[in-house]
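Biologist: I'd like a close look at a single part of this model, with the cut-offs spelled out as you go. Take your time and give me one connected answer.

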Amino acid sequence: MADTALATAPETETAVEMIGVNKWFGEFHVLRDVNLSVKRGERIVICGPSGSGKSTTIRCINRLEEHQKGKIIVDGIELTNDLKRIDEVRREVGMVFQHFNLFPHLTILENCTLAPIWVRKMPKKEAEEVAMHFLTRVKIPEQAHKYPGQLSGGQQQRVAIARSLCMRPKIMLFDEPTSALDPEMVKEVLDTMVGLAEEGMTMICVTHEMGFARQVANRVIFMDQGQIVEQNEPVEFFSNPKHERTKLFLGQILH
Amino acid sequence: MSRIETDTVFVRRDFLEPEAPPPSLGGIPGWVRKNLFSSPFNIAISLSMLLLLAWALPPLIRWLFIDAVWTGTNREACLPKNGETVGACWAFVNAKLAQFTFGSYPADQRWRPSLVMIVFFVGLAWVAIPRMPWRRQAVWLMLTAFPVATFWLLYGGLGLPIVETSNWGGLLVTLVVAITGIVASLPLGILLALGRRSKLPFIKIVSVVFIEVWRGVPLITVLFMASVMLPLFLPTGVNFDKLLRALIGVALFTGAYMAETIRGGLQAIPKGQFEGAASLGLGYWQSMRLIILPQALKIVIPGIVNSFISLFKDTSLVMIIGLYDLLGSIQRNFSDANWSTPSIAPTGLIFAAAVFWVFCFSMSRYSMYMERKLNTGRKR
């Protein structure tokens, strides 16, 4: 009963709600009481040293990782062990990975149409039109019939963004999308993300691109040792960090 | 004409245009020099191989072709007369060809297996060549209508006289056992491989036990158990066909091997592929079918074909339960008094080896072709 009620509930103001989330990898306490609320249309940047739990946090949002304590509600649906709900959430949440995770045996176009056809049950022709629309938006429609291995890193990451957008997600998660790219290709991916932000997409980005954070984020969150240490709007966050750990971190990366 | 820059400051004025690579030593002389005579050690090896060939090849060719007997109707033809040497007795193979192909399948009904074999090879070629039209439909026909029609034609019923499987033999049995084994073991192997990686303990344990039991038992034991032990456990009056028992045994046995081959492929797929599929909302079976298995199976084509080839040759083991495959039928004819001469055994065995080799080599070549064709990825 509750299921159907949730599925048909009107759009909530809150896109993602994490309440007291805890997670362990074996003995290791990787997320410690994480509380985070993201409104629709909000753009969050999460940063922090490696191993601070930032990737794990956003991977919990689409259940690539399971949390052991606390509550995560995404688009009005609470994540539990119920596989149906997990699939429902994943349909609405797009994710872009550090290593793209494109499917190497499929062409760019097939990469983009696969999920709309099989998950959304969209007719093939319509799915291809949607795919071409988004490939045009990320400025690589001419690569549609190539395979991922034939593209540069920056192009592959733009395809990965287009592939997610083809599902028309309400929320986009970015897990260090530029960390595996050659320096010359970072900008083309960031430009695509800025464009997305300007259209009002709800975005949660784990990234160390502080220029991007300044430009588009509503809020910057700094994590360390599995917990949120500080959060603020970007200008204040960068110019006037409060916590010692944040100051140290920013000192290290903003030479 | 670039010089080594020794100064601290250097600014390039113009970029160098790409040039053609320097010419290599082309042609046959170049190849020979590079591959056969590039070093003293290589020269020594090349020369000794040449000597070996010069020593072994002429007598072999002599035995196989020049001194061979091509025609004849009984042992007289292949007996040495007036002290001259006699080579291979091809007349024997020629006279027994129908038996080698069909075993003791009744002569007036042999059109039935012949028809099945012709349809099979045409259908196989159709399915195997990517350019063919209606290929998808052909695959479905080969997997559904063809087995049913084959069973009807080979076994009989519905107007055709029944031919018991104990009369089947020769290449026919080899093909029936090998092809059924191949077709059944691949899906079984996939399911077992997925089962062994399952997070559900029950499915995992069942798969592990199945794989380890079948893989740990020799095929001969499996066949022997199937033919001798199984009837002891069945209620009296229930009798199921010896060939069918062998088919099931071979399929399950090969399936267990196949499972481990495929599991190797699954393990080679990066975690990111599973996550990419999951993040798009694809369910377990969808991501397996569309994303994971196509990549995993491609990686393990050599291993899969290895199993197929091994299975094809292992069909000869059905001899121990009284079925006669190609090799069995040939060996059975060695004792034919009408043909008994010293040269029929080597001739028959060479013939068997040649037939097995042609089938196995074809599988090997086709798998290499598929590997090249599917090599789209070159993933990072």
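Are B:E260 and B:R263 buried or exposed?

Modeller: Both B:E260 and B:R263 are buried, where buried means under 20% relative accessible area, exposed means over 50%, and partly exposed is what lies in between, with a 1.4 Å probe and protein chains only. Before going on, some housekeeping: this is a predicted model, in which local features need pLDDT of at least 70 and side-chain atom pairs count only at pLDDT 80 or more, while totals for chains, interfaces and linings use all residues. Residues are numbered from 1 along each chain as its sequence is written, chains are lettered from A and ligands numbered from 1 in the order in which they are written, and side-chain values use heavy atoms, with hydrogens and water left out.

Back to the pair. B:E260 and B:R263 form a salt bridge, with 3.0 Å between the closest N and O atoms; the term stands for a side-chain nitrogen of Lys or Arg within 4 Å of a carboxyl oxygen of Asp or Glu. Both residues sit in helix α10 of chain B, residues 242–268, and are 3 residues apart, about one turn of the helix. Helices here are DSSP runs of H or I with at least four residues, strands are runs of E with at least two, and both are numbered from the N terminus.

Now for other salt bridges in chain B. B:R196 and B:E212 meet through their side chains at 3.1 Å, N to O. B:R196 has a relative accessible area of 15%, so it counts as buried, whereas B:E212, at 34%, counts as partly exposed. B:R62 pairs with B:D67 at 3.4 Å between the closest N and O atoms, and B:R62 is partly exposed because its relative accessible area is 45%. There is also a network of salt bridges that links A:K23, A:R59, A:E65, B:K271 and B:E275. Over all chains, the structure holds 25 salt bridges.

A disulfide, meaning a pair of cysteine sulfur atoms within 2.5 Å, joins B:C78 to B:C89 with 1.9 Å from S to S. Both cysteines are in the loop between α2 (40–66) and α3 (90–102) of chain B, 11 residues apart. The torsion about the S-S bond is about 75°, so the disulfide is right-handed. B:C78 is buried because its relative accessibility is 2%, and B:C89 is buried because its value is 0%.

What holds all this? Chain B comes to 15 helices and 0 strands. Along the principal axes, the C-alpha atoms of chain B fill a box of roughly 95 × 70 × 45 Å. Of the 380 residues of chain B, 38% count as buried.
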